[in-house]
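Have the sequence and the 3D view ready.

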Amino acid sequence: MKCFYLTTAIDYANGSPHLGHAYEKILADAIVRAKRLEGVPCHFLTGLDEHGQKVQETAERLGQDPQFLCDATAEEFKGMCGHMEVAYDDYVRTTELRHKKVVRNILQLLSEKGEIYRTAYCGLYSVRAERFVQEKDRVGGQWPEDFGEVVELREENYFFRLGKYQDWLVDFLQKNSDFIYPAYRQKQVLEFLKEPLNDLCISRPKSRLRWGIELPFDGDYVTYVWFDALINYISAVGYGTESFVNFWPADMHVIGKDILAPAHAVYWPIMLHAVGLPPPRHLLVHGWWLARGGAKMSKSEGNAVRPMDYAAAYGPDAFRYFVLREMNVGQDSNFSHELFVARYRSDLANDLGNLLSRLVSMMNRYCGGNIPPPEIQGDSEKDLKILAERSIANVRKRCSAYDFAGALEEVLSLIRATNRYLERREPWKLAKGGSEEQIFLQICLGAGAECLRISAELLFPAMPAAAERILAQLGVERTGDWRTLAWDNAPAGRKTGERAILFPPIEEEGNALPAVPA
Ligand code: MSP
């Protein structure tokens with residue numbers, strides 16, 4: 001059976017994981033978790049892009065074998081996923097045999113179909129972007145910073161007939177207006193396609209680049225970085241084997257805006273089409289995390305945030321919550337330690353943390369650890385129930401539109417409303433009253449606990465461990481299915497679990513976790 005197949009970009013193996021890498025994997029993980037809560041079987045692939053000049057150079061600089069360097073880097077990136085609760089189903093590395101075999105098969109197939117030819121090329125070459133560039137790529141007369149040094153280069157190379165598919169691609173994009181999310185990015189790609197598309201240089205002579213996959217039809221060349229990397233999306237799910245149909249077409253490639261055009265929106269659909277495969281169903285394009293001053297966060301800028309430091313200091317759930325709450329998918333966002341601390345304090349320690357700790361301690365103190373059933377007594381409880389059920393519907397809707405910022409705000413609104421309800425009903429005062437007040441007390445705590453239970457279920461894609469720990473304190477297991485989640489559908493007769501503070505107060509002042517030095 002075809003599953004929902006979701007991939008992320010595979011990270012370059014020439015550095016350590018930073019916030020941009022972590023965010024993308026967390027976003028993908030949250031999407032998959034939300035899908036599974038809707039009963040959709042999923043397959044989640046991520047991985048590492050290990051070939052190319054930069055990896056070769058880094059290995060040379062360190063006096064290491066490139067494979068040794070990649071093995072260490074792969075452990076580091078996988079470790080990052082582990083720390084961040086990113087539960088991928090498969091991790092593909094482009095130096096794996098399963099990948100290299102498929103890349104070579106595809107190259108052979110395309111060469112036999114006459115889609116690849118050899119010719120001499122003299123052009124301008126960007127060392128950092130590892131591709132030939134054109135005069136028209138200059139911005140205001142200058143080469144974009146991403147290009148690094150641009151040099152003139154003449155060499156024989158192999159080319160893929162990209163240009164001949166330009167009309168097909170334009171037609172495809174026009175007929176599939178929801179191919180790229182957010183939609184304005186699709187318009188940008190169509191704009192890009194107004195200029196004639198050149199054929200794509202897909203090889204590098206081994207004299208210049210050794211660390212790559214050798215062309216099956218010419219041992220003096222390795223394949224070009226994108227032609228290698230993009231194929232991970234099919235090599236990892238058994239292209240050429242029977243099970244491939246269970247995965248392809250991919251339902252979603254999650255990528256950053258810098259690798260949309262031309263790589264994912266132009267090269268990739270055309271490569272697939274030339275091979276005889278359908279394009280992926282959707283590309284989900286997220287923005288960039290920016291450092292203070294609006295600069296892109298990256299290792300080379302020396303302003304990268306180390307995600308693992310945050311996970312270690314404040315817990316992975318707080319970090320996941322922050323990035324998913326703060327970034328509107330598609331737009332850029334700023335990361336600053338002050339912002340992180342402010343959100344942690346207000347949303348997690350204060351709103352969510354307080355609700356949990358006051359409810360559990362009151363149920364322990366006043367109800368002998370029993371969790372009262374959520375009964376409807378008056379308008380306040382009725383309102384709370386309506387709000388909770390509306391939150392379920394809205395969170396489901398927002399998650400299916402990849403709007404995690406909106407979904408989390410919905411849950412936090414429910415949590416804040418529950419806190420306000422408790423403040424109005426003052427259960428601590430009811431506890432001192434007579435038998436009628438004791439009934440109200442039970443009703444009040446029952447309603448509060450039900451809102452918190454529903455909130456925890458809804459927080460699961462963003463904060464898997466915290467959600468489970470909240471539910472454990474409410475004496476219940478996660479339902480694992482949003483389709484049946486409703487007010488009062490948990491088992492009755494529950495008892496509170498062991499108390500635990502999920503989000504301890506942050507005492508520090510100022511910037512306690514500085515950006516990693518260059
Ligand atoms: N190896 C290529 C992708 C090949 S996919 C077939 C690559 N690697 S990368 O390590 O540079 O980037 C991996 C992903 O992280 C990309 O989707 C990129 O957009 C994302 N991010 C890298 N820096 C980022 C930010 N500062 N903010 C958000 N995401 C960014 O490109």
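Into which domains is the protein chain divided? There's domain 1 (4-286) and domain 2 (308-484), with bounds that come from an automatic or database domain assignment. Keep in mind that this is a predicted model, where local features need pLDDT of at least 70 and side-chain atom pairs count only at pLDDT 80 or more, while totals for chains, interfaces and linings use all residues. Residues are numbered from 1 along each chain as its sequence is written, and side-chain values use heavy atoms, with hydrogens and water left out.

The C-alpha centres of the two domains lie 40 Å apart. Here's how they meet:

| Interface item | Value |
|---|---|
| Buried area (accessible area, 1.4 Å probe, lost on being put together, summed over both) | about 2600 Å² |

Of that buried area, 68% is on carbon and sulfur atoms. On the domain 1 side, Leu37, Glu38 and Glu85 lose the most area to domain 2, together 26% of what that side buries.

Now for the charges. The rule finds 3 salt bridges across the interface, each a side-chain nitrogen of Lys or Arg within 4 Å of a carboxyl oxygen of Asp or Glu. Elsewhere on your tour, look for Lys257 and Asp332, whose side chains meet in a salt bridge (2.9 Å, N to O).

Definitions and conventions: Buried area is the accessible area (1.4 Å probe) that two parts lose on being put together, summed over both.
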